[in-house]
Amino acid sequence: MIQKTDIIIVTGKTAIKQEFRKPLEVVETENNVTDTVIDIEADGALDNSFYDERFDDMEIQLPSVFVGPEDEEEFNETSRKYLSYNDSYSYPLEIDLERLVNNLIVFKQRIPYRQINPHPYSFIQPPPKCHFPHHNNSTKTVLVLIKSAVSNMELRAAVRAMWRDLRDPYVRRVFMLGYNGSYQALVDEEVRQYNDIVQENFLDAYMNNTLKTVMSYNWAMKNCWEADMLLFLDDDYHVQPHALIKYIRGIEKMNKTGVYLGSTAIAAKPERNENSKWKTSFHEYPYDHFPPYIGGGAYLLSKDVARKFKVAFPYVKYLGIDDVYLGIVAKKLAITPKYDAHFSTLSNISLAKECSHDPAELVSGNCQIADRKRRLLLKPTIPLPDGKFLTDNSTFNYPLMVNMTQLVNDKLLRHKDSSIPPINPHPYNYVHRPNRCSFLHADKHVKNVLLLVKSQASNVEERLYLRKLWGIHRDYNFKKVFLLGMGRSKQSLVDEESRKYRDVIQEDFRDDYMNSTRKTIMGFNWAAKFCAQADFIVVLKEGYDIDINRTLKYLRTVLPSKQSSDIFRGKLVKNAYPTRDLDSRLFLSRKTYPLEKFPPFLNEKFYVISSDVAWKFQVAFPFVKYFGRSDVYLGFVARKLQVKPKEDSIFVDPPKLEAVAECPDSSVAKIITKECISSKDLLKTKTTPKKITVIRKVKIKSKLPVVDVT
């Protein structure tokens, strides 16, 4: 137990250096208060590793190779020209940290450099033990680490009440605290009563949050190494424990390693205002913006990532803003922070949202801060007089108002990421996806065609029929996949379907009409990553059929003779107006879409897009505000990219698929024959019938012929 103890960093005008040369020395002061004095010699690269707000007025000299001019009198924060993050970026220590950390973890090879960010603090009392019941890896273990200010006793009580109903032996929750003598007696009582506090003897101050974070990783990796996932939260975040843990275990099931996700900040700029609590000086950080990082309020990472962070901390210069610091470490380790809306205060599907310091609000989840931030985010960017709509003239005023063509070209041609934060992230995880799509016997004279079929998850029977209808087609330069969201039923059949046919792409968003655009984005994202050899992407809406032979012949011979790139063709829709009828499911308010009419777009039933245009769309999606109707949304993106959708008669009015009929039992369908066949029996079928007769009762306007398939 430590009483009346403070941490004193002896610096004067000398900076804190790379490593400790002397042991801790205990001295007596005039008031008989025991002070722990850390005496550090000034030698080598210097660092402000141990921030203490009591020494704000001290001048700390940092390495001139990092901060620029050595003459302090010439330094002017307001007139300083900051270094460009995009042009070059280096942060101490300037070593190959990714390789060194991997060598230490895998091969036990010691890192041959001095530590510039040691952590010389001690536990005030023995930390709580962390053990999980023995299990057979079927139940994943989760460690919840909650950063809390020493004085926030009431918030910690509210957090315990919030988690009380979660009785899960595979979940462990602890609070992480620094030291403040004024409250230590109360903290001691909490420890005796709950035994859920980890505390070290550094001063509990805002700019010591990074010390608290380092302490958390050190304790977790040493004392709670059995945890599969680590969830970090601030003590003012309301969560839904049951739903959150279930979601985390679902992530772990799909991605056992490499997980580092939350609410991302892209190209965030350092705060240079002297009066801000987040003020970051040029000495501390000389670049114009930070690397991508995840907000510290709520984030998740897997054990392997946590271990890499823990090993790397001593070799990365200290910065007091903990979430930014983790972003810097992640960059040096080549770990990419990923956005997940379930951890974002601004998301409507968030399972963790920021609250005030009112304990009652925290427990109830009625978080005014989160609601206010969401309202600001959804505030229309274009002010309009009442009852008026904007006219779509030469300028298409739909967020984001950026030079989209330049943004996309920077990414595709120069491999340069945009510094603009995305407004339409796609934070969903694969439930099923095929492996990398390879076109066998590739011939540069034969165009590779990828067919994306948008389908409802519950329509298992229709997909089985289409496979049988198209299954006889043998073309090594043609691939087809089905795009699904998560349905309310038949998921076990979808799982079996995916295992058998390996042509299902499914993510964990809800499969409904207004998520049609998410399905399109999912398909384009998968194609860009796993099927980049495709020359054309054909998109077909469920419920429709196409003559594959005729379509492929057209794409490979007729169309290339007219146009080889910049292709976006289908049934063109012009002069379409938003529905302002309140009773319509397609109703659009003036705030949601303030323009008088939509830009030209292609009907979603059937269209083709060349790969060069598809990859542009895929890069642009995160920067174009989400809109639920996928055909209209693609029209928005095309307009912002100056891509002109064109009418093409071969893609107009594909024949409607009527071979799937209703049967009395919802688990069976009338397919191919007149008999009602169960879904399970269809999945067991291994051979394709020798002859399939398709009878359509509708009048076909398309040029695609109706034929018997044999």
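Colleague: What do the buried residues of α2 pack against?

Modeller: They pack against α7 and α8, the latter being residues 322-332. Keep in mind that this is a predicted model.

Colleague: Which residues of α2 are buried?

Modeller: L97, L100, V101, N103 and I105.

Colleague: At what angle do α2 and α7 pack, and how far apart are the axes?

Modeller: The angle is about 110 degrees, and the axes are 10 Å apart. Helix α2 covers residues 97-107 and helix α7 covers 303-312. Angles of 65 to 115 degrees count as roughly perpendicular, so α2 is roughly perpendicular to α7.

Colleague: Which residues make the contact?

Modeller: From α2, L97, V101, N102, L104 and I105. From α7, R307, K308, V311 and A312.

Colleague: How do those residues divide into nonpolar, polar and charged?

Modeller: Six are nonpolar, one is polar and two are charged.

Colleague: What does phi look like just after α2?

Modeller: K108 sits there, with a positive phi of about 60 degrees.

Colleague: And where is L93 found?

Modeller: In the loop between α1, residues 64-67, and α2. A cis peptide bond joins P92 to L93, with omega about -5 degrees.

Colleague: Which residues does the P399 cis bond involve, and what is omega there?

Modeller: P399 and L400 are joined by a cis peptide bond, and omega is about -5 degrees. L400 lies in the loop between α10 (368-378) and α11 (404-414).

Colleague: New topic. How many aromatic pairs are there?

Modeller: The count comes to 35. Take Y260 and F309: their ring centres are 5.3 Å apart and their planes are at 90 degrees, so that pair is edge-to-face.

Colleague: Where do Y260 and F309 lie?

Modeller: Y260 is in strand β11, residues 260-265, and F309 is in helix α7. They are 49 residues apart in sequence, so the pair ties together separate parts of the chain.

Colleague: Are those two buried or exposed?

Modeller: Y260 has 1% relative accessibility, so it counts as buried. F309 is at 0%, so it counts as buried too.

Colleague: What about F598 and F627: stacked or edge-to-face?

Modeller: Edge-to-face, at 5.9 Å centre to centre with 75 degrees between the planes. That pair links distant parts of the chain, 29 residues apart. F598 is in the loop between β20 (568-573) and β21 (601-610). F627 is in the loop between α16 (611-620) and α17 (630-641). Both F598 and F627 are buried.

Colleague: Back to Y260. Which residues form the aromatic cluster with Y260?

Modeller: The cluster takes in Y217, F232, Y299, F309, F313, Y318 and Y325 along with Y260.

Colleague: Which charged end sits over the ring of Y194?

Modeller: That of R160, 3.9 Å from the ring centre. Elsewhere, R433 lies over the face of Y430, at 5.9 Å from the ring centre.

Colleague: One more loop. Where is L166 found, and what is it in contact with?

Modeller: L166 is in the loop between α3 (153-163) and β7 (171-179). Leaving aside neighbours within four places in sequence, L166 is in contact with V171, P241, H242 and I245. L166 and P241 are 75 residues apart along the chain, with C-alpha atoms separated by 6.7 Å. L166 is buried, with a relative accessible area of 16%.

Colleague: Last bit, overall numbers. How many helices and strands are there?

Modeller: There are 18 helices and 24 strands. Of the 710 residues, 52% count as buried.

Colleague: What share of the contacts with a separation of 6 or more comes from residues 24 or more positions apart?

Modeller: They account for 77% of those contacts.

Definitions and conventions. Residues are numbered from 1 along each chain as its sequence is written. This is a predicted model: local features need pLDDT of at least 70, side-chain atom pairs count only at pLDDT 80 or more; totals for chains, interfaces and linings use all residues. Side-chain values use heavy atoms; hydrogens and water are left out. Axes are lines fitted to C-alpha atoms, for helices over the stretch in contact, and angles run from 0 to 180 degrees between N-to-C directions. Helices (H or I, at least four residues) and strands (E, at least two) are DSSP runs, numbered from the N terminus. Angles under 35 degrees count as roughly parallel, over 145 as roughly antiparallel, 65 to 115 as roughly perpendicular and the rest as oblique. Contact means heavy atoms within 4.5 Å. Ala, Val, Leu, Ile, Met, Phe, Trp, Tyr, Cys and Pro count as nonpolar, Asp, Glu, Lys and Arg as charged, and the others, Gly among them, as polar. Buried means under 20% relative accessible area, exposed over 50%, partly exposed in between (1.4 Å probe, protein chains only). Rings of Phe, Tyr and Trp (its six-membered ring) pair if their centres lie within 6.5 Å; planes under 30 degrees apart count as stacked, over 60 as edge-to-face and the rest as tilted. A charge sits over a ring if NZ of Lys or CZ of Arg is within 6 Å of the ring centre and within 35 degrees of the ring normal.
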